[in-house]
Amino acid sequence: MRPHSLSVALAIILTGMTTAGLSGSAAAQSTCGTPGKGTSGKGTSDWPIVAPEDVGLDPQNLCTLAQKLDAAKEDNIHAVLIARHGKLVFERYFTGSDSHWGQPAKEVAFGPDVPHDLRSISKSVVSLLFGIALDKGWIGSVDQPVLAVLPVYADLATPEKRGITLRHLLTMSPGLAWNEQLAYDNPANSESRMDMAKDPCRYALEQPVAHDPGLVWTYSGGTTGLLACVLQQATGKPLDELARENLFEPMGITKVEWARYPQNGGPVAASGLRLLPADTLKFGQLVLDKGAWKGRQIVSAKWIEMATAPQINAPGAMFYGFQFWLGRSLVDHRSVDWIAGFGYGGQRLFVVPSLDLTVMVHAGRYGGQDEGGFAAAILNRYVLPAAKP
């Protein structure tokens, strides 16, 4: 679902938070966000756990971050996880109000065993799955016309729509009219209308042409929904089954939930995935390791390179790849590039290749004017300055 105030999110700092200093080593130990270890040296997930200084992160920065998070309960942050060089160094969970894909909000005590909505980080996961399909030859090329691979919708073909390719879906530039800038409880919101349609993919494809394909980026969950239809057409399997077999199980991800369309029961590709926080963080590491997880190639390095390369201009001086956001931060007068999955409500997965670093934030900041600003501040003010190149 849509990212709010993206240009503001890159510049905002943490505001409205206390600045009390740490008082002694015992207090520092209790507030520094060190992940819990079992007897195997691992926590509840299969991430190796180390101290920040062992991977070149300033522990004082992370202690200060932990204190700031403790003092900012009103900002409704649910979880913050940080990993470097493939090792987990920071893990904090909080109790806060949350709404599971449109259900009434309620208080939830979050922790390592509590799943959380990814919202539109789901789009980036679909991109990885699409890359696997391309690698395996289930899909021939990103430049295939959409209507050629979805013959069931041949009745919607017009000269303009015949020019829409899979690449245009991946880059949110098919040129179809779409409006997700309205509140999601507004019945005129395009994604909300798609979610309620008897055939969500037909709804997305039958929208009028507003631009030539490839010219204009327009935020659209419809593009991800259509990618899921293409995957099902190519493989004969629904998105959830395809993801379980080819992505989740090879990465040791077993606790998976999908929100489902009320009309046909299909998994909601654009925003419906729900995972454990440490499992979501794995996708950041997968990108860092060029498509490999623990030495096993899950998706080709070629796809990772294409999907995370600038493909089209996006808002807020950012670029967009294949269902991934591409931005940069200024740290000590140097520019640091990052790749990200963004999700409604403040869900963020940042991947920083030059620092071999990934940061994940879950939150319940749905409908706010600056839902992602807090996560950007965590990255820019605390994590990146802590990392030695």
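**Sheets and helices**

Modeller: Strand β5 and strand β7 (residues 273-275) pair in the antiparallel sense, over two bridges. Keep in mind that this is a predicted model.

Biologist: Which residue in β7 is the bridge partner of Asp 117?
Modeller: Arg 274 is the bridge partner of Asp 117.

Biologist: What is the strand order in that open sheet of three strands?
Modeller: The order is β5-β7-β6, with antiparallel pairing. β5 (116-117) and β6 (256-258) are the edge strands, each pairing on one side only.

Biologist: Which helix lies across β6 and β7?
Modeller: Helix α10 does, running at about 155° to β6.

Biologist: And at what angle do α4 and α10 pack?
Modeller: Helix α4 (residues 121-135) packs at about 75° to helix α10 (residues 239-248), and their axes are 10 Å apart. That angle makes α4 roughly perpendicular to α10, because angles from 65 to 115 degrees count as such.

Biologist: Which residues meet there?
Modeller: From α4, Val 125, Val 126, Leu 128, Leu 129 and Ile 132 take part. They meet Leu 239, Leu 242, Ala 243, Asn 246, Leu 247 and Phe 248 in α10.

Biologist: How many of them are nonpolar, polar or charged?
Modeller: Ten are nonpolar, one is polar and none is charged.

Biologist: Which strands does α4 lie across?
Modeller: α4 lies across β13 (334-343) and β14 (347-352), at about 95° to β13. Both strands belong to an open sheet of eight strands, in the order β2-β1-β15-β14-β13-β12-β11-β10. The pairing in that sheet is antiparallel.

Biologist: Which are its edge strands?
Modeller: They are β2 (87-93) and β10 (312-313), and each pairs on one side only. Helix α3 (residues 59-70) lies across β1 (77-84) and β2, running at about 20° to β2.

Biologist: How many bridges join β11 to β12?
Modeller: Two bridges join strand β11 (residues 319-320) to strand β12 (residues 325-331), and the two run antiparallel. In one of these pairings, Phe 319 has Leu 326 in β12 as its bridge partner.

Biologist: Changing topic, is α11 buried or exposed?
Modeller: It is mostly covered, with twelve of its twelve residues buried. Among them are Asp 279, Lys 282, Phe 283 and Leu 286.

Biologist: What span should its twelve residues have?
Modeller: Helix α11 (residues 277-288) should span 16 Å at 1.5 Å a residue, and its end C-alpha atoms are 18 Å apart, which agrees.

Biologist: What follows α11?
Modeller: Lys 290 follows α11, and its phi is positive, near 55°.

Terms used
Residues are numbered from 1 along each chain as its sequence is written. This is a predicted model: local features need pLDDT of at least 70, side-chain atom pairs count only at pLDDT 80 or more; totals for chains, interfaces and linings use all residues. Side-chain values use heavy atoms; hydrogens and water are left out. Helices (H or I, at least four residues) and strands (E, at least two) are DSSP runs, numbered from the N terminus. The expected span of a helix is 1.5 Å times one less than its number of residues. Buried means under 20% relative accessible area, exposed over 50%, partly exposed in between (1.4 Å probe, protein chains only). Axes are lines fitted to C-alpha atoms, for helices over the stretch in contact, and angles run from 0 to 180 degrees between N-to-C directions. Angles under 35 degrees count as roughly parallel, over 145 as roughly antiparallel, 65 to 115 as roughly perpendicular and the rest as oblique. Contact means heavy atoms within 4.5 Å. Ala, Val, Leu, Ile, Met, Phe, Trp, Tyr, Cys and Pro count as nonpolar, Asp, Glu, Lys and Arg as charged, and the others, Gly among them, as polar. Two strands pair if DSSP finds at least two bridges between them.
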